[in-house]
Structure formats: structure tokens, C-alpha cells
Amino acid sequence: MTGAKAAADWLASGTPDPEACRREWERNPLGVALLPAGKAWDVLILPGELGYPTLDVLTRVLGRPGPVLADFGDKRVGFFVPPGTAARWLGTGIRTAGPGTWIVVPYPGRATQGVHWLVPPDGSGTLTDPALLELAMHEAAAGLAVDRGEDG
């Protein structure tokens, strides 16, 4: 099984009908499908201004975090985290996707217009640890404050 196929199978496994998900990826001219959050993963959605530096910190620390999406125009960055995280997350300016929410997800490994993978899933089910994500967000925010000349 190829990496992209394993990743797509993992993503589809969190849907009510994995075959319908695969068909949607094939039929949708944008190469995306609408997937439910809350079963296999939740998503924490950061403003791009904070999300990109946070991803840089996580990459330095972990090498490779769990899957990360960016929307059209790179205005928001979504980190895939364990289910249940959205219900417990408190943070100003951070949106969450958990049970009862759906997100647009491109097929891994394919070029799409709009939403795209910054870190595609690898099929293993690896997700970003929310505690590490929070620490990385704090470090990234501190770096942004220093860049702006703000007192930390």
C-alpha cells in the first residue's frame, strides 16, 4: 500500500462510509471531501500568523508532527489532534473541530486548489499531542511578540 493510499484509508476510516469518502475524492473536481471530525481525530485551527510559526517549532522538536492542513490563502492552519481535544480546548482565537463538525480534506499526495496539506498524514494514525502543540504555540507567540518589539 502506498503512503498516499494508506493515508487516505486512515482518513476515510473515520467517516461513516469510507467508500463514499473515496468516491467523493475521485469525483470532486477540487480533489477534496467533507469529513467528520471527532471520531478518529479533532482539529485545532490556528490563525496562519500563529499557525506557521507553531508548525516550525513542532517540526524542530518532533521532526514530523501529525497531519496539518492550511486553507486557501494560508489564513488558517489546522493541526490534527486526538479525539476529545476540541471539547477540552480553551484558547482565545483558536477554533476547534470535534464531534458534530466537518472539515474539507484533500486527498493526501494530490495537488489541490484551496485547502492543502502542510504535513500530510502518513497512514499510521499519528496525531499531534495537544500538550506539545500548546507549548509550541506559546513559544511561537513569544517569538512573534519579540519580532514586533513587544514586552513578553
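**Reading the packing**

Me: Which residues of the largest nonpolar core have the most contacts inside it?
Reply: In soluble globular proteins, nonpolar side chains tend to be buried together. This is a predicted model. Its largest nonpolar core has 21 residues. Those with the most contacts inside it are Leu-11, Trp-25, Leu-35, Trp-41, Phe-80, Ile-103 and Val-105.

Me: Which helices and strands each supply at least two residues of this core?
Reply: They are helices H1 (3-12) and H2 (18-27), with strands E1 (32-36), E2 (42-47) and E6 (102-106). H1 gives the most, with four residues.

Me: What does Phe-80 touch, not counting residues up to four places away in sequence?
Reply: Its partners include Trp-10, Leu-11, Trp-41, Val-43, Ile-103 and Trp-117.

Me: How do H3 and H5 pack?
Reply: Two packed helices are described by the angle between their axes and the distance between the axes. Here helix H3 (residues 48-62) and helix H5 (residues 130-148) pack at about 120°. Their axes are 8 Å apart. The angle makes H3 oblique to H5.

Me: Is the crossing of H3 and H5 left-handed or right-handed?
Reply: The crossing of H3 and H5 is right-handed.

Me: Which residues meet there, in H3 and in H5?
Reply: From H3 they include Leu-50, Pro-53, Val-57 and Leu-58. From H5 they include Leu-133, Ala-136, Ala-140 and Leu-144. By class, the contact has twelve nonpolar, one polar and four charged residues.

Technical notes: Residues are numbered from 1 along each chain as its sequence is written. This is a predicted model: local features need pLDDT of at least 70, side-chain atom pairs count only at pLDDT 80 or more; totals for chains, interfaces and linings use all residues. Side-chain values use heavy atoms; hydrogens and water are left out. Axes are lines fitted to C-alpha atoms, for helices over the stretch in contact, and angles run from 0 to 180 degrees between N-to-C directions. Angles under 35 degrees count as roughly parallel, over 145 as roughly antiparallel, 65 to 115 as roughly perpendicular and the rest as oblique. A crossing is left-handed if the near helix is turned anticlockwise from the far one by less than a right angle, and right-handed if clockwise. Contact means heavy atoms within 4.5 Å. Ala, Val, Leu, Ile, Met, Phe, Trp, Tyr, Cys and Pro count as nonpolar, Asp, Glu, Lys and Arg as charged, and the others, Gly among them, as polar. A nonpolar core is a set of buried Ala, Val, Leu, Ile, Met, Phe, Trp, Tyr and Cys residues joined through side-chain atoms within 4.5 Å. Buried means under 20% relative accessible area, exposed over 50%, partly exposed in between (1.4 Å probe, protein chains only).
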